[in-house]
Amino acid sequence: MFYDEARETMPAVKRAEAQRVMLRETVRYAYEHAPATRRKMDEAGVRPGDVEELADLAKIPLTRKADLKHIQKGEPPFGGLAAVPPRAMRRIYVSPGPTFDPEGRDETHWRWEKPFVAAGFREGDIVQNTFMYHFSPAGLMFDEALLRLGCTVIPAGVGNTELQAQVMKELCVTGYVGTPSFLMSILEKAKELGYTSGDGLSLRVALVTGEMLPESLRKRLRDEFGVQVRQCYGTADVGSLGYECAEANGMHVPDEILLEMLDPATGAPAPPGAIGEVVVTLPNRAYPLVRFATGDLSVLSDAPCPCGRTSPRLLKLVGRVDQVTKVKGMFVHPEQVAQIVSKVPEMASAQFVVTRIGHEDHMEMRVVLKEGVASSAAMESRIIETARELTRLRCEVRFVAATEVEEPHKRIIDGRKWD
Ligand SMILES: [Zn+2]
């Protein structure tokens with residue numbers, strides 16, 4: 001099968017040469033077709049011909065994901081980073097901000113087939129896709145990769161835990177894609193309804209992403225529910241950036257992209273084993289990104305993997321360079337907290353506190369009201385509704401006095417532990 005043959009097994013010398021070719025072509029193409037990339041290279045005095053080796057990329061300034069909203073506002077809709085006009089895109093997604101994520105017409109745009117194959121998905125699998133299908137690219141990008149592999153997809157989307165459990169049983173679902181915590185919620189609900197592995201449930205494999213996968217949760221899903229869980233990593237801007245193989249020990253970096261790891265303090269290359277920010281150069285005809293800094297921190301390992309793939313692996317993701325955090329698979333920005341405060345006139349300040357209850361994320365908003373304002377149930381629901389509109393997440397509200405706020409300079413406190 002085509003995707004099985006596409007394993008990352010080439011010898012290091014061959015990979016280095018392939019990467020050099022890809023690098024030169026991508027930089028030249030982006031320079032010629034993406035006005036913002038051309039501008040940033042011109043300002044830095046770099047011509048496409050000056051970039052021959054991966055190390056030469058350092059001459060070109062980074063484009064930060066965190067700045068995308070402002071870059072796009074300055075030059076709508078894609079900030080001058082796309083190589084084709086909006087009407088030439090296949091789809092355009094909207095991430096909170098809002099920022100716009102283009103999908104080109106090339107069917108290799110997101111590249112999620114390999115992660116599925118490595119996770120054990122095969123032709124004939126019936127797969128429940130619990131990622132969001134509207135605005136966010138997650139639902140459709142996994143959907144289409146599964147179709148190309150010959151799987152059948154149930155576009156389940158988020159929420160409706162009980163219906164999800166019922167569908168999983170009645171349609172004899174064999175594969176799941178979504179967040180790990182939601183998988184656990186569905187399986188717990190299924191158990192409550194009397195469906196268990198081998199007795200009503202046929203679920204065999206799961207590909208998860210969007211949040212941390214604690215090893216304790218992976219083990220429970222395997223031992224208690226008989227599901228083999230593998231994780232992958234990517235973003236709405238660049239698609240697949242890593243996936244686990246059978247070894248489940250780090251995520252192989254796909255050969256179709258160029259990845260740099262940069263020391264978050266100095267911007268210099270981070271050596272293997274050290275924490276670095278994931279920076280991507282993407283050879284894509286519609287959206288050719290050059291040195292796109294994801295804001296995600298990880299550790300790269302180039303140690304050989306027993307699976308036979310020779311590509312390096314991203315060991316687990318260790319956090320973000322900014323205060324941005326992910327809750328239930330959705331990014332939450334400190335700026336969104338400020339927006340909520342500005343929309344509710346009675347609020348003086350607020351802080352999100354993210355914790356884990358069981359296997360699920362829990363978000364509480366600690367709200368300080370302006371002097372002389374009394375809290376009420378109506379105000380509480382107005383705050384919850386405003387937060388939901390801006391973050392697409394539900395939170396609980398707790399009214400507190402200004403003196404009770406810990407670390408008041410922080411708008412988001414992440415109190416989660418990942419063991
Ligand atoms: Zn491997």
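In which loop does N160 lie? In this predicted model, N160 is placed in the loop that runs between β5 (152-155) and α7 (161-170). The backbone of N160 adopts a phi near 55°, a positive value in a residue other than glycine. Most residues other than glycine have a negative phi. N160 has 13 C-beta neighbours inside 10 Å and therefore counts as partly exposed, given that a residue is exposed at 12 or fewer and buried at 20 or more.

A positive phi is also found at C172, where the angle is about 50° although the residue is not a glycine. C172 belongs to the loop between α7 and β6 (175-178). Because 11 C-beta neighbours lie inside 10 Å of C172, this residue counts as exposed.

Peptide-bond geometry was examined next. Most peptide bonds are trans. A cis peptide bond, however, joins P76 and P77, with omega at about -5°. P77 is situated in the loop between α4 (68-74) and β2 (91-95). A cis peptide bond likewise links G97 to P98, and omega is again about -5°. P98 falls in the loop that connects β2 with β3 (99-103).

Key. Residues numbered from 1 in each chain as written. Predicted model: local features only at pLDDT ≥ 70, side-chain atom pairs only at ≥ 80, totals over all residues. Helix = DSSP H or I, 4+ residues; strand = E, 2+ residues; numbered from the N terminus.
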